[in-house]
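Please have the sequence and the 3D view ready.

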Amino acid sequence: MKMRVFQVITVLSILAACAGEPTYDLVLRGGRVMDPETGLDSILNVAIRDGKIALLTDGQVSGDVELDVSGLVVAPGFIDLHAHGQNPSDLALKAQDGVTTALELEAGVYPVAEWYATLEGQAPINYGASVGHINVRMSVFHPDVPIMHWPTQTSTAASLGAEPAGTNSRASAAQLEGIAGGVAVGLNEGALGVGFGINYSPGAEPAEIATLFATAAQRNAPVFVHTRAFGLAAIDEVIETAESTGASLHIVHINSSSLQHLDDALQRVADARARGMDVTTETYPYTAASTRLESAMFNPGWQDNLPIDYQDIEFVSTGERLTAETFDTRRAEGGWIILYMMQDEHIDRAVAGDGVIIASDGVPFVDGKGHPRGAGTYARVLGHYVRERQVIPLMDALSKMTLLPARRLETIAPTMRSKGRVQEGADADLTIFDAETILDRATFAEPTLPSAGIPHVIVGGTFVVRDGNLIETARPGVGIRGEGNRQ
């Protein structure tokens with residue numbers, strides 16, 4: 001009898017111990033865990049449960065799925081603040097470059113809620129957008145021609161002619177009121193701020209921009225700005241406007257916006273921060289830019305704005321360099337172009353610049369053609385600028401890809417406080433890469449080649465890339481929405 005009691009007690013003790021032992025959905029074993037916020041850089045096991053990082057430990061831990069990642073870096077998933085390729089195929093290429101959240105913050109969208117609905121359940125990685133000034137402006141000037149997202153609705157925009165009023169005409173008082181109202185609606189629907197492409201909307205005079213900066217400031221919403229032109233005067237304009245209105249400012253692609261004036265532009269940003277302003281900026285790691293030839297950027301007089309000429313413009317669909325004879329024909333046709341306009345030394349300094357975020361400005365791929373930055377930005381930084389040329393230390397580069405972009409959005413989107421980190425309680429958005437082999441493969445000739453050296457990418461605890469292979473059916477991406485600005 002005593003033996004039976006002892007056996008029962010022993011079994012119950014074992015069962016109790018088992019019941020008390022935590023269980024995890026996924027365990028990543030033995031990786032080099034790097035967290036830019038805390039400076040953590042250690043060999044640890046990462047346990048994931050319900051889409052969150054539940055435990056970091058050097059002790060024993062088990063899970064339903066266990067993966068040996070020894071020899072690899074376990075980093076926060078990369079966060080791209082400037083991604084125009086907002087469709088499942090472009091987002092899948094981003095996933096293969098280690099991106100777990102890709103946001104359309106410069107061009108933006110409108111109507112905002114309707115745009116979010118188009119990607120719900122369709123995205124391999126997280127997505128989100130600002131409310132776009134140009135999109136709202138077009139809806140006010142051309143209410144019968146809706147353009148929700150102009151980088152991917154180019155044929156709709158082309159139907160309005162060479163110089164549509166929505167981008168080229170001055171707004172009346174009533175129209176400006178309508179634009180401000182549309183911006184407010186977009187913020188109410190969860191936009192992550194207000195996006196401006198001022199170079200693409202020359203009809204928007206400084207007074208209009210100031211009015212909308214003030215609208216954003218009143219709602220505690222950041223503004224994401226492509227400046228009016230290239231060079232210091234346009235950068236000064238947006239900094240001064242942000243300072244006078246109290247707007248929180250992010251200047252996109254300072255590498256191309258400032259060109260040969262990069263050092264002075266970075267100093268302008270640093271000086272603004274020293275005065276207490278909330279100002280950030282970003283860069284992409286390429287010496288060529290990309291845009292649409294039919295855009296207002298190429299209205300007559302464009303050579304005064306851009307320090308390039310016809311031969312520096314490549315028409316993407318044909319691969320040809322333009323001439324004075326072919327420019328007008330191709331512009332009337334419309335299409336994506338690549339502009340060879342920057343120097344390597346400027347990109348070096350931008351990538352290494354204090355507080356400069358890495359963002360791709362990846363434009364949509366059309367028939368497999370486009371700019372390689374949409375597929376290779378993050379692997380290029382880690383492979384070319386960190387490992388090969390040692391322009392920047394690995395932890396600093398990771399911070400520019402993860403923590404800094406997350407912090408840029410935390411006020412308007414508190415959910416971002418759980419991203420850009422490898423910490424207990426953070427979202428399990430993780431990029432696992434080989435620091436010795438990671439490298440971009442995308443080129444101007446073959447721009448959609450996936451990056452190398454990134455075997456695993458996890459979004460919300462779900463693999464979207466495993467063992468170097470894209471999981472075609474994985475759609476764990478969710479919409480990142482603004483929550484702190486609704487009225």
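This report looks at a helix, then at a sheet.

## About the model

This is a predicted model, in which local features need pLDDT of at least 70 and side-chain atom pairs count only at pLDDT 80 or more, while totals for chains, interfaces and linings use all residues. Residues are numbered from 1 along each chain as its sequence is written, and side-chain values use heavy atoms, with hydrogens and water left out.

## A helix wrapped by its surroundings

Helices (H or I, at least four residues) and strands (E, at least two) are DSSP runs, numbered from the N terminus. Start with helix α2, residues 88-96: seven of its nine residues are buried, so the rest of the structure largely encloses α2. Buried means under 20% relative accessible area, with exposed over 50% and partly exposed in between (1.4 Å probe, protein chains only).

The buried residues of α2 are D90, L91, A92, L93, K94, A95 and Q96. Their cover includes β6 (78-80), β7 (99-109) and α15 (373-388), along with β19 (456-459), β20 (462-466) and β21 (469-470). After α2 comes G98, which has a positive phi, near 90 degrees.

## A four-stranded sheet

Now find the open, antiparallel sheet, whose four strands run in the order β13-β16-β14-β15. At its edges stand β13 (288-292) and β15 (320-321), each with a single partner strand, so one side of each has no neighbour in the sheet. Two strands pair if DSSP finds at least two bridges between them.

Strand β16 (residues 336-340) pairs with β14 (residues 313-315) over three bridges, and with β13 over five bridges. Opposite I338 in β16 you will find S290 and also E314, while L339 in β16 faces I313. Four of the five residues of β16 are buried, so β16 is largely enclosed by the rest of the structure.

Key. Contact means heavy atoms within 4.5 Å.
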